[in-house]
Amino acid sequence: MMQNKRCIRYLRFSSDGQSNSSIEWQDTSTAHWCERNNVDIADTFTDAGFSAKTFDRPDFEKLSKFVHTHFRNIDYLVVNQMDRFSRDAGEALSLVKKLQVKYNVQIVSVTEGITYDHHTPGSFFRTGLQLLLAEDDNINRAQKINSGIYTSKAREGRYIGAHAPYGYKKEGQRKDRRLVVVEEEAAIVRFIFQSYQHQMPIMEIYQQALKMGLKKRGNSVIPKILSNPIYSGQQEVKPWKDMPGGLFPGMQEAIVDIITWQQVQWQMKGGQKQNKVSISDELPLRGVLHCHCGRMLTGAPSRGRHGNYFYYYKCNTTTQHNNISAKKAHKQLEEMLGYLSVPTYIIDAVKIDSEKLLEQQLRENKKALATARRSLDEETKKLISLEEKWILNQLSFETYNRWYQDTVQKRIYLNATIEKLSRDESEVFVLLQENLYSLTDMQYVWSNAGTNDKQELLRMVFDNQLYYRNATYRTPYLMEIFSHNTQILKQKQLLEIDEKRDYRMIIPEGGATGNSIEPLTSLLSFIRSIKVA
């Protein structure tokens with residue numbers, strides 16, 4: 001009695017949507033062919049959820065090793081159809097030839113009804129044709145997918161990622177699906193951006209964010225959040241054919257405004273160096289106090305003659321401009337804060353002036369909002385006109401790309417401006433009413449703040465420009481509301497206000513250059529957040 005031939009089977013599908021070529025159907029059709037042709041199945045190899053673009057698939061590698069070891073007992077490699085085997089025509093043809101020439105194993109395509117024979121011209125031609133058709137189908141599918149992705153992201157502003165970024169959740173189905181802000185997570189995202197802007201070390205931001213409820217883990221979490229344009233209402237789009245790539249407006253609500261996001265990107269690219277120092281409760285000024293040479297003062301304990309440790313702030317240069325006793329520096333600072341505390345009569349006056357200023361600002365905001373909306377309408381019309389000219393071949397690609405990017409960036413900026421101007425100012429009135437009087441005792445605010453909050457407080461009050469020289473604190477900027485005792489502070493050698501600096505220090509955005517009420521409201525919001533009001 002003649003012995004039956006033997007085969008191995010290979011089954012594959014790349015996604016759940018391939019119902020006609022599912023594993024179950026491939027298993028049924030190949031088993032039926034083997035039974036009808038009296039071929040025994042030696043083994044079956046299955047790759048579920050893997051593309052046929054390459055042979056880098058777990059079970060296909062096992063199949064290759066099996067053939068190399070047992071080829072003398074194998075006659076066929078059976079597949080449902082050729083595209084289950086591979087969609088890369090060149091690589092697949094080489095493998096088909098190798099299987100037959102080196103191992104004497106032929107490939108059988110059950111659905112196509114062909115046993116491929118390298119030595120038969122017609123059979124080999126059909127092999128190549130089927131593989132080329134499979135690869136062409138793969139290219140067409142990729143074209144449709146990529147063009148659909150580009151349209152969805154660049155034209156419609158839809159987010160199509162598998163998972164919503166931290167701070168958002170997905171709502172809706174298909175084309176109605178969009179990102180919706182999760183306020184508890186969004187608050188943490190805003191904290192991350194604000195802390196980075198004020199030069200808090202990234203690892204410290206990470207630790208604080210974990211305490212606030214951040215669920216993501218890893219050293220790269222904070223940089224990834226900071227660099228993600230999704231949080232500014234934009235998204236990154238890859239170029240497709242002649243269509244430009246870059247940042248495009250998204251449908252999602254922004255968690256941080258576009259200006260904040262752009263400033264953070266500038267900082268991350270090296271425009272402003274981020275502090276690398278660690279936070280220490282014994283040295284709260286380390287990472288916030290500068291030397292008069294412009295360097296940030298470091299700090300460390302020094303062992304005394306009797307074994308006790310004493311803390312010092314130092315300038316890490318060869319000349320060592322400063323070597324300050326931390327105890328002395330802290331005592332000076334607390335005394336200074338006492339004189340910075342604002343008398344009640346000034347608070348009353350500031351409260352009245354601030355309310356008047358807010359009312360005036362609201363009126364100006366309404367005018368600016370109307371102007372911004374008109375400008376946005378004009379830019380939208382420009383964009384539509386530009387696309388029509390591009391479609392009608394009235395513009396070169398270079399001209400279209402340049403104008404398109406410029407128009408899109410203007411629209412992003414205008415949208416951010418509109419969002420900022422549309423915010424409800426009633427919260428600012430409440431903030432002033434409830435927190436202004438906390439400024440009457442700055443020593444109390446300081447003593448009740450944690451180390452991170454103490455550093456943030458100094459950055460805000462002095463616009464990150466506090467430095468030390470000749471046993472005295474100095475700064476070119478002091479928040480206006482604290483300027484009532486500057487002469488006394490100078491006489492007592494606690495703080496001197498410099499009109500000019502003899503070195504260049506990077507001045508952050510905002511501070512002295514912003515709207516006069518904005519630094520005050522930012523400070524009061526911060527004080528409220530540390531619960532000392």
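Student: How many aromatic pairs does the count come to by the rule?
Tutor: The count comes to seven aromatic pairs, where rings of Phe, Tyr and Trp (its six-membered ring) pair if their centres lie within 6.5 Å. This is a predicted model, in which local features need pLDDT of at least 70, side-chain atom pairs count only at pLDDT 80 or more, and totals for chains, interfaces and linings use all residues. Residues are numbered from 1 along each chain as its sequence is written, and side-chain values use heavy atoms, with hydrogens and water left out.

Student: Why is the pair of Tyr-10 and Phe-60 called edge-to-face?
Tutor: Planes under 30 degrees apart count as stacked, over 60 as edge-to-face and the rest as tilted. The ring centres of Tyr-10 and Phe-60 are 5.4 Å apart and the planes stand at 80°, so the pair is edge-to-face.

Student: What makes this pair a tie between parts apart in sequence?
Tutor: Tyr-10 belongs to strand β1 (residues 5–13) and Phe-60 to helix α2 (residues 58–70), so the pair ties together parts that are 50 residues apart in sequence. Helices (H or I, at least four residues) and strands (E, at least two) are DSSP runs, numbered from the N terminus.

Student: How do you know that β11 and β12 pair?
Tutor: Two strands pair if DSSP finds at least two bridges between them. Strand β11 (residues 298–303) and strand β12 (residues 309–314) have six bridges, in the antiparallel sense.

Student: What joins β12 to β13?
Tutor: Three bridges join β12 to strand β13 (residues 323–325), and the two run antiparallel. Tyr-312 stands opposite Ser-325 there. The three strands form an open sheet in the order β11-β12-β13.

Student: What makes β11 and β13 the edge strands?
Tutor: Each of β11 and β13 pairs on one side only.

Student: Why is α11 called roughly antiparallel to α12?
Tutor: Helix α11 (residues 344–391) and helix α12 (residues 397–421) pack at about 155°, with their axes 9 Å apart. Angles run from 0 to 180 degrees between N-to-C directions, along lines fitted to C-alpha atoms, for helices over the stretch in contact. Angles under 35 degrees count as roughly parallel, over 145 as roughly antiparallel, 65 to 115 as roughly perpendicular and the rest as oblique. That makes α11 roughly antiparallel to α12.
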